[in-house]
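Colleague: Please take a close look at one part of this model for me. Keep it brisk.

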Number of protein chains: 2
Amino acid sequence: MPSYTAPRRDIQFVLREFLDADTHYSKLQLDNELSPDLLDAILDGGAKFAEDVVAPLYQSGDAEGCTFRDGKVTTPTGYAEAFRQWGEGGWQGLTVPVADGGQGLPASVSMCVGEMVGSANWAWNMYTGLSLAPVTCLLNGGTEALKARFLPKILSGEWAGTMCLTEAHCGSDVGLLRTRASDNGDGTWTVTGSKIFISGGEQDITENIVHAILARTEGAPEGTAGISLFIVPKFWVEEDGSLGEFNNVNCGAIERKMGLKSSATCVMNYDGARGFMLGEENRGLQLMFKLMNSARIGTAMQGLAMSERAFQGALAYARERLQMRSLTGAKNPDGPADPIIVHPDVRRMLMTQKAFTEGGRAFIYWLAQQVDLTSHGSEEEAATASELLELLTPIAKGFCTESAQEVAYLGMQVFGGHGYIAEHGMEQVARDNRIATVYEGTTGIQSLDLVGRKVLGSGGKLLRNFTRVIHKYCEAHSGNSAMAEFLAPLAEVNREWGELTMKVGEAAMADAEVVGSASVDYLMFSGYVTYAWVWARIAETSLAALQRGEGDEGFYRAKLATARFYFQRLLPRARAHAAAALAPASSVMALGEDEFAF
Amino acid sequence: MPSYTAPRRDIQFVLREFLDADTHYSKLQLDNELSPDLLDAILDGGAKFAEDVVAPLYQSGDAEGCTFRDGKVTTPTGYAEAFRQWGEGGWQGLTVPVADGGQGLPASVSMCVGEMVGSANWAWNMYTGLSLAPVTCLLNGGTEALKARFLPKILSGEWAGTMCLTEAHCGSDVGLLRTRASDNGDGTWTVTGSKIFISGGEQDITENIVHAILARTEGAPEGTAGISLFIVPKFWVEEDGSLGEFNNVNCGAIERKMGLKSSATCVMNYDGARGFMLGEENRGLQLMFKLMNSARIGTAMQGLAMSERAFQGALAYARERLQMRSLTGAKNPDGPADPIIVHPDVRRMLMTQKAFTEGGRAFIYWLAQQVDLTSHGSEEEAATASELLELLTPIAKGFCTESAQEVAYLGMQVFGGHGYIAEHGMEQVARDNRIATVYEGTTGIQSLDLVGRKVLGSGGKLLRNFTRVIHKYCEAHSGNSAMAEFLAPLAEVNREWGELTMKVGEAAMADAEVVGSASVDYLMFSGYVTYAWVWARIAETSLAALQRGEGDEGFYRAKLATARFYFQRLLPRARAHAAAALAPASSVMALGEDEFAF
């Protein structure tokens, strides 16, 4: 049976050595001090929860899946109990302000915990993640009375939550949504309509479920300008927070999916269900977008979490599976064959996994610190971090989930035929992970956001902010000869990023189809450059540690070797993406709609 | 419900226009003439069988899967009846010599049929494909008496067959196998041992199953030099071909797999089962390798078949799904939104699918003609074709199945969230297809075969054979100015192929790990160059047709546009693979086995 061990050493490396987290946290304006000891205790508790409570449900949850009968969803054995422990341990409210009943910790802390719990069992983790949807919406758009009415029981884990955007005819194009809300005149609204793909829309884990729903009020403008946000509980919630009667929130079916089988994906019918509006009328999408941005980084985190899981599985198998001899002589002469980790191509697969996984961790954790700064930093820090996040969120969501597809693919490939069967859990990683490039906005949607809205939409400003960071980094370390092998190619691709942007921008002025034609390859190019910067910084951190000579040399040398692998073998892909992005839009637009097949 | 329509027009284009199949077949030495009309009748019959008999079982077969109880396997509803029709229609013996009870047709014909039936339902198709394993082994190594005893009922579809190599501890490293065979002294052998991953090892489709098994005789040398080939029936077969008693061939379990759920993958226990040796003692692997070569092209065909299926699904959905407006103005002004095929990034995905699918079809069908020549051509033709096949079989197996992963991925991506649920059949394509880069030799194994055995092992001769074909092609068409956009980059990457080979070869002489370090990227590079040659030839064929002006202009213009797409957007990836292949072996070998994670 596959197991999961939290990558404690690498998380410590990224937080303490790479990101100097203790200094970072000491400078934030927090409700309570986050001391190094407290951080360690949280990380340790999260690791144990992931390993001991959630990981054991990984394969059984997939095998049992969710079942649907007579409007009721049954989740796998143990899911409810694990959720109870999650709530009881105070994990659900980790980042909620103390005044609102939470722990008041910065987002980056809960993201570390989220990586571990997510690696252990992403499907289970979704019930906790989606419960943050109504919490976030309430914090951003709820009155004190509404917060008091709903938050305590969600934060205690007694209730869960959902996020309801998609309808059968509208996914990416949310402006087409039809769910209606009518004003009851008493501060409540009645919501009627049908939503699909609602994770945790119905379940037997909690006694109540609070739905955050996008809907149109009567007479609202068409399109995205006429969408409001509501919270609608499955069972009515009285002012004192006690449960009332059933609120006409019905689950019509659950989907049969490729993976995440233990996360119930529901068709939800709101048949005149009562709820409350959050924020202003017709401004619901703006509120939901605040949630979407963190959901996108959360999905990038899924890419990391699944990558870690695939890497751990493949590495363990490569060390133990005996097959053929090393071409440089037997490495396990007393056995019938050598462990397959001796073979260069198996190592190529493992190194690729390692480079994407550890690079992704360093990148996402750094990004999480930027999220911290937007809430708990100085005004200037918050502004700088916000601009970086605007640019880098679609890159993180797109690139971390796309690269995770490759990492999960390689996880199966290292196992050979044994990867295709359920026993080792590798095919489950690939199935569970497959949705990550789709939900919270497909890679295509992230790419349009990146190129159209962020890069060209800011006249290049948001990109220059970041390429300047990279440029200054290269300059600042130009005197370090040990870094030359990384800085020279980094400076070069960073320069090319600017050139590529200029060319795409110019072409886009002449032809409106250029943005869409170039976008995904542009995003992938951007991701490879960003990871080059990350790996150069990891190399720098590791070189410094080796120079200090305080031990753990193998760890730091492995980081250096992985940085080299990244620059030598993965970064060259950036140029293939640049070439594709620079192809004329006619490369994709030449055919008539009826000329793709005959 | 997803449907499948055989791509009749493209198959006709590839066979008639691209490959001049009628001339090809008229020159072969065949048992019976294969006239253009007969070819059309076979293609039409194959298309109808695929569409009407096999395709309807695609989703139901996956949903039902195979079940195992008390040693018996139950296959999905309709599988046995479809197999009966397959046998009755004479499809099983299409390529078997007339003297041995078959139709005596060349391999390329059955591969066209195989594409269609495989697209319709690859899992069902496996029962027919594996039945050819004992047939091929008997034809290559069986006495006339054994052929007469076994072939008729396999060819009639009354019996099926398997191919048994893998054991729990030996997959790629077949030399480790332990299954034993002892000589009974009466012309029969008793086989004892256990095999895993045996497709169709047990089923309820046919009354008997004939297993082709690799095993060791007593006192055989260790490793691959001591392996012999046997056929062992589930029920004993008397000399007159009638069924005898149960032959101690037991199914111990079936695997729970990611996909191909309706193809029973069995643990098989041979508990003193009687059988016959084929060919010479200790020479079984050589016989099996003849089968493996065609199985590898057959698996490349899986890549094509699944790609076609993913492309058809995505294209239909892209035409029908309404979501957002074209950036150049509404294309469906009367509807609530435009069909997503108007969006450049959706087109990028469809064009990528089209380029790999149609390029793969042209390549594999051309390769199938080379297979025809090895059996039915002149001595010189057979020799030339054999050498091309030695080089190109691992490229086809590796590249067509790897690119098919991307095509299947894009099939889901075009569908967005709807691709992740079972309803549209797209996630099933991805699951069914995932094994193709693994079985019949992983991409890593194909790459070692390509670089180590074929390219460097022949001192570059096998590669020069093919790069010369490409070089001469470029020269022959250098006067055609309309071809310049394809020929210039083709000549360039062809030249780079030689250079890459020289560099890898030189490095390999100094360091034995270079072959394995470079191999998969070398194979992928080779695949991109090969497809460039294929797409240049498709462009040439299409330009000529447009010049003749005999109609169907849209079809040929679409081919030209797809060739351009391939050269502008996919071929640039070749250089990223070259860069990775040229990275020093230290890029993957630097870490100690215990330094991949801490």
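How many helices and strands does chain A have?

Modeller: Chain A has 19 helices and eleven strands, where helices (H or I, at least four residues) and strands (E, at least two) are DSSP runs, numbered from the N terminus. The radius of gyration of chain A, taken over C-alpha atoms, is 24 Å, close to the 25 Å that the globule rule gives for 598 residues, so chain A is as compact as a globular protein of that length. That rule is 2.2 Å times the number of residues to the power 0.38.

This is a predicted model: local features need pLDDT of at least 70, side-chain atom pairs count only at pLDDT 80 or more, and totals for chains, interfaces and linings use all residues. Residues are numbered from 1 along each chain as its sequence is written, chains are lettered from A and ligands numbered from 1 in the order in which they are written, and side-chain values use heavy atoms, with hydrogens and water left out.

Along its principal axes, the C-alpha trace of chain A spans about 75 × 60 × 60 Å. Buried residues (under 20% relative accessible area, 1.4 Å probe, protein chains only) make up 64% of chain A.

Take Y566(A). Beyond its neighbours within four places in sequence, Y566(A) is in contact (heavy atoms within 4.5 Å) with residues including A355(A), Y528(A), W535(A) and P572(A).

Methods
Buried < 20%, exposed > 50% of the residue type's maximum accessible area, 1.4 Å probe, protein only.
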